[in-house]
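Here is a short briefing on one protein chain. Look over the sequence and the model before reading on.

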Amino acid sequence: SSLKGATGDGGDGETGGGDGQKKSHGLHVLGPMGPSRMMLTKPVIAAVEGFAVAGGLELCCWCDLVVSHSSCSFGVLCRRFGVPLIDGGTTRLAKIVGRNRALEMILLGRSYSGQTMHEWGLVNFLVPSPDEVLSKAIETAVEMCSLPQICLRSDLRSHKLFGFAPEDFAMSSLRGEFELGMAAVRAGETAEGASRFSKGRVGRHGSSLTLSKEGVSWSGHRGGGVLYPGRGKL
């Protein structure tokens, strides 16, 4: 086929195999989220019907086009749990939405609507209903498949190699991001945050955090509570 879905097998990647053991610039071809370090020769379309947060947001940044709905949620919600971005989020996001907006997302860990992400440039196509997201993605794929493929893929490759981010710089950035992120993981904060999340105490379904002198409270459509009473920080 001429197009790849956001979960494509990546078999046509520029950097090689599907076993994740080959390396490019000192990194395994497959990142923690899968294809985030690969440069495919075919366009990839992300169809977001619900949440695209943390690693899901990073995969959106890796894709070439994004289709979504205004009610969908995007964000670096892993910020709330001490989980670093290690799939290109710190490097690609700023190139798409701009430095200041990227830093707002990265540093504050807020949730943003599909409408906002469309206005900021991450989402290409905003459809009226979540049920129409996949059909719009397929429609867009069919439209691209109808165009001369050699020229289309050549321009896409040129954009990836020299326009969006030169490959050497991009891979160097991904390697640096991964090394810094893993240092944060080894510090223990990530395991603590992941444990809180897995126990369902905070952050499920995009629930928000509020910091006060009483502690950290959270709220969402499934209830709320208070963490660390009197501690005043995460």
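A contact here means heavy atoms within 4.5 Å. By that rule, S73 touches G50, F51, A52, V53, S111 and Y112, leaving aside residues up to four places away in sequence. The model is a predicted one. Its chain holds eight helices and twelve strands.

**Chain overview**

- Of the 234 residues in the chain, 41% are buried.
- The chain exposes about 12,000 Å², and carbon and sulfur atoms supply 55% of that area.
- Among contacts with a separation of 6 or more, 59% join residues 24 or more positions apart.

**Nonpolar cores**

- The largest nonpolar core has 28 residues.
- F74, L93, M105 and M117 have the most contacts inside this core.
- Elements giving two or more residues to this core are β4 (44-47), α1 (55-62), α2 (89-97), α3 (99-108) and α4 (114-120).
- Helix α1 provides the largest share, four residues.
- L93 touches L57, C61, G88, G98, A102, M105 and I106, not counting residues up to four places away in sequence.
- A second, separate core has nine residues, including L65, V127, A137 and M144.

- S73 sits in strand β7 (residues 73-75).
- S73 counts as buried because its relative accessibility is 15%, and buried means under 20%.
- A54 is found in the loop between β5 (51-53) and α1.
- The phi of A54 is near 55°, a positive value in a residue other than glycine.
- Most residues other than glycine have a negative phi.
- A54 is also buried, with a relative accessible area of 18%.

**Helix α5**

- Helix α5 covers residues 133-145, 13 residues in total.
- At 1.5 Å a residue, α5 should span 18 Å, and its end C-alpha atoms are 18 Å apart, so the two values agree.
- Which residues of α5 are buried? They are V133, A137, T140, A141 and M144.

**Salt bridges**

- Side chains of opposite charge can pair when their charged atoms come close.
- The salt bridge count comes to three.
- K160 pairs with D64, with the closest N and O atoms 3.6 Å apart.
- K160 lies in helix α6 (residues 149-164) and D64 in the loop between α1 and β6 (65-69), so this pair ties together parts 96 residues apart in sequence.
- K160 is buried, at 16% relative accessible area, whereas D64 is partly exposed at 24%.
- R110 and E104 meet through their side chains in a salt bridge of 4.0 Å, N to O.
- R110 is partly exposed, with a relative accessible area of 44%, and E104 is partly exposed at 26%.
- E139 and K136 form a salt bridge of 3.5 Å, N to O.
- Both E139 and K136 lie in helix α5, three residues apart, about one turn of the helix.
- E139 is partly exposed, with a relative accessible area of 47%, and K136 is partly exposed at 22%.

Technical notes
Residues numbered from 1 in each chain as written. Predicted model: local features only at pLDDT ≥ 70, side-chain atom pairs only at ≥ 80, totals over all residues. Heavy atoms only, no water. Core = buried A, V, L, I, M, F, W, Y, C linked by side-chain atoms within 4.5 Å. Buried < 20%, exposed > 50% of the residue type's maximum accessible area, 1.4 Å probe, protein only. Areas by Shrake-Rupley, 256 points an atom, 1.4 Å probe, with all protein chains shown as cover. Expected span 1.5 Å × (residues − 1).
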